[in-house]
Amino acid sequence: MLNIEIPGREPLALCHLVLDYNGTIAVDGKLLPELAAPLGELSRTLEVHVLTADTYGTAAKQCGGLGVKLHTFPREGAGRCKEEIVRALGDGVVCMGNGFNDIPMFRCAGLSIAVLLEEGMCAGLLAEADVLVRSALDGLDLLRHPDRLRATLRN
């Protein structure tokens with residue numbers, strides 16, 4: 001569990017990190033290499049879940065050995081599938097994503113981080129996000145170095 005006190009807000013008691021795959025932690029089906037070490041570190045504190053329709057058929061191989069739980073689902077209704085997974089995890093969920101189908105899971109997560117990479121980011125997702133970062137590494141670093149998150153979200 002990761003506990004983060006944020007001045008002027010309810011404390012965050014995070015148990016799960018939920019990550020969209022393509023466009024968030026992977027580009028063109030390939031995991032961004034700089035994320036392996038931070039994901040390994042965070043998996044010792046949080047249960048890490050990777051959600052994907054696996055468009056490129058590479059997610060299982062790319063995520064192997066990282067200590068994450070891979071959730072795949074059909075391409076149709078991806079937003080609903082992601083929301084169901086996050087709701088089933090209960091409280092203490094932080095989500096990272098970039099797409100339209102991430103909006104439903106952002107709405108039910110305790111903390112949501114929008115990522116803007118090469119693929120872009122759905123403009124509507126920004127309205128649901130607590131934080132916008134320019135890379136998944138920046139998003140993971142907010143959790144690895146909570147004072148950065150405190151500085152961004154304090155009241």
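I started with Asp-54, which sits in the loop between strand 6 and helix 2 (59-63); helices (H or I, at least four residues) and strands (E, at least two) are DSSP runs, numbered from the N terminus. This is a predicted model, so noted: local features need pLDDT of at least 70, side-chain atom pairs count only at pLDDT 80 or more, and totals for chains, interfaces and linings use all residues. Residues are numbered from 1 along each chain as its sequence is written, and side-chain values use heavy atoms, with hydrogens and water left out.

**Loops with positive phi**

I looked up the backbone of Asp-54 and found phi near 55 degrees, a positive value in a residue other than glycine. Most residues other than glycine have a negative phi. Is Asp-54 buried or exposed? Asp-54 is buried, at a relative accessible area of 19%; the cut-offs are under 20% relative accessible area for buried, over 50% for exposed, and partly exposed in between (1.4 Å probe, protein chains only).

Next I checked Asp-28, in the loop between strand 4 (26-27) and strand 5 (30-31). Asp-28 also isn't a glycine, and its phi is positive, about 55 degrees. Asp-28 counts as exposed, because its relative accessibility is 54%.

**Helix 3**

I then went to helix 3 (residues 78-89), which has twelve residues and reaches 17 Å from its first C-alpha to its last. That is close to the expected 16 Å, the expected span being 1.5 Å times one less than the number of residues. Which residues of helix 3 are buried? They are Ala-78, Gly-79, Cys-81, Lys-82, Ile-85 and Val-86. Seen down the axis, these buried residues fall within an arc of 165 degrees, so they line one face of helix 3; the arc is that of the directions from the helix axis to the C-beta atoms. The face turned away from the buried side carries the exposed residues Arg-87 and Ala-88.

I also listed what covers the buried residues of helix 3: strand 3 (16-20), strand 6 (47-52), strand 7 (69-72), strand 8 (93-97) and helix 4 (103-108) are included. Just after helix 3, Gly-90 takes a positive phi of about 85 degrees.

**Largest pocket**

The largest pocket has a volume of about 190 Å³. For the term: on a 1 Å grid over the protein atoms alone, a pocket is an open set of points with protein on both sides within 12 Å along at least five of seven lines, and lining residues have an atom within 4 Å of a point. Grid points are joined across faces, edges and corners, and the volume is the space filled by probe spheres set on the points.

I found 16 lining residues, of which Asp-20, Asn-22, Thr-55, Lys-82 and Asn-101 lie nearest the centre. Strand 6 and helix 3 are the elements that give two or more residues to this lining.

**Helix 7**

In helix 7 (residues 146-153), I noted Pro-146, Leu-149 and Leu-153 as buried. Their arc is within 55 degrees, so they line one face of helix 7. Their cover includes strand 1 (2-4), strand 2 (12-14), strand 9 (111-115), strand 10 (131-133) and helix 6 (136-144).

**Ser-135**

Last, I looked up Ser-135, in the loop between strand 10 and helix 6. Ser-135 counts as buried at 18% relative accessibility. Ser-135 touches Val-115, Leu-116 and Leu-117, not counting residues up to four places away in sequence; contact means heavy atoms within 4.5 Å.

Conventions. On a 1 Å grid over the protein atoms alone, a cavity is a set of points where a 1.4 Å probe fits but cannot get out, and a pocket is an open set with protein on both sides within 12 Å along at least five of seven lines; lining residues have an atom within 4 Å of a point.
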